[in-house]
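Me: I would like to learn how to read sheets, helix packing and nonpolar cores from a set of coordinates. Could we go through them one at a time?

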Amino acid sequence: FIGIDFGTSTTVVSYAVIGDNTSPIKTSNMPLRQLSADGSYLENHLVPSCIAFYDNKLFKGQTAKQFKSKLTFGRNLWYSFKMMIGTDNGPVYFGTELPNGHPIATIENPLDATKVFFKFLKEEIDHFITTNNLPRQTYYSISIPASFEANQRKDLKEALDFANIPFQDNLFIDEPNAAFLSYLIEANNNNHQNYNIPIDSALHILVFDFGAGTCDISILEIGRKEGRLYSKNVAISKFEQLGGDDIDKKIVKDVLLPQLLKQNNLDIDDIRSPEYNKIILPKLQPIAEHL
């Protein structure tokens, strides 16, 4: 069983296999190979949701993220594309170096970038399964914001089809639900307070999921029915593009930019909006993200 947490800034893949009597289900993160600039591979379970095209090579993950201060967004660098799927009408990255028909890949809009990224994930997942002699029959689960609308889910399914990830029932799981399940497991494994879920009345749990691109809030009903535990959404927030990317931009504007101006004896009025948006912000945002 493969679980993919497709995040705005970082993606993580996990897998679960049937274990033994002491550990009936074994679960672990899946380190994926990510091409480095020198041609070698680094393995890490943290995969930045970032793509870069440099020296006629396509980089995904850690190396692509390292190119953030060197390359130009929309031309040879793409990130936060998760937030823009389901909303584009044709080409969005007008200056892209990977137009339709390019022999390496096509990235003209966020859906194209999502397709390229998931194809990379599928190839590396297959490589990990083969290398570690895991079962070939696999089932996938992809976590998405609970507030993802129908057109966003449709685009994501198209990207999965492109990557040859088979569509199965219950393929998508809402991120707040996944977060709460993870919390229950962590609480149980670390002897934290456990929830006692009454048989005759369900619990209502508010989950506040603040990510890199979305603020996702859900109220879950957790209860027992016919001897089984169930979870369902009672209410969800609307799709809100508010998250860690906004905090990065705020750090640039309120902390880093004043330092830059002071060091160069400049005033804020000396900086024009195009210079800030196209030059200064892209250079300083990776530093803010690191901070």
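Me: Which residue in β13 does leucine 203 stand opposite?

Reply: Please keep in mind that this is a predicted model. As a general idea, the strands of a sheet pair through backbone hydrogen bonds, either parallel or antiparallel. In this case leucine 203 stands opposite isoleucine 222 of β13, and the two strands β12 and β13 (residues 215-225) run antiparallel, joined by 8 bridges.

Me: What is the strand order of the open sheet, and which strands are its edge strands?

Reply: The open sheet has 3 strands in the order β12-β13-β14, with antiparallel pairing. Its edge strands, β12 (203-210) and β14 (228-236), each pair on one side only, and from one strand to the next the twist averages 30°. Helix α4 (residues 175-189) packs on this sheet and touches β12, β13 and β14, with its direction at about 60° to that of β13.

Me: Is lysine 232 buried, partly exposed or exposed?

Reply: Lysine 232, which lies in strand β14, counts as partly exposed because its relative accessibility is 43%.

Me: How do α5 and α6 pack?

Reply: Two packed helices are described by the angle between their axes and the distance between the axes. Here α5 (residues 244-263) and α6 (residues 273-290) pack at an angle of about 105°, with axes 8 Å apart, and they are therefore roughly perpendicular to each other. The contact includes Ile251, Val252 and Leu256 of α5 as well as Tyr276, Ile280 and Ala288 of α6, and its residues divide into 11 nonpolar, 1 polar and 5 charged.

Me: Which residues touch the most other members of the largest nonpolar core?

Reply: In soluble globular proteins, nonpolar side chains tend to be buried together. The largest nonpolar core here has 40 residues, of which Ile2, Ile4, Ile51, Trp78, Phe118, Ile125 and Ile142 touch the most other members. Among the elements that each supply at least two of its residues are β1 (2-5), β10 (140-144) and α3 (150-162), while the largest share, 9 residues, comes from α2. Apart from this core lies another, of 10 residues, among them Val252, Leu256, Tyr276 and Ala288.

Technical notes. Residues are numbered from 1 along each chain as its sequence is written. This is a predicted model: local features need pLDDT of at least 70, side-chain atom pairs count only at pLDDT 80 or more; totals for chains, interfaces and linings use all residues. Side-chain values use heavy atoms; hydrogens and water are left out. Two strands pair if DSSP finds at least two bridges between them. Helices (H or I, at least four residues) and strands (E, at least two) are DSSP runs, numbered from the N terminus. Axes are lines fitted to C-alpha atoms, for helices over the stretch in contact, and angles run from 0 to 180 degrees between N-to-C directions. Contact means heavy atoms within 4.5 Å. Angles under 35 degrees count as roughly parallel, over 145 as roughly antiparallel, 65 to 115 as roughly perpendicular and the rest as oblique. Ala, Val, Leu, Ile, Met, Phe, Trp, Tyr, Cys and Pro count as nonpolar, Asp, Glu, Lys and Arg as charged, and the others, Gly among them, as polar. A nonpolar core is a set of buried Ala, Val, Leu, Ile, Met, Phe, Trp, Tyr and Cys residues joined through side-chain atoms within 4.5 Å. Buried means under 20% relative accessible area, exposed over 50%, partly exposed in between (1.4 Å probe, protein chains only).
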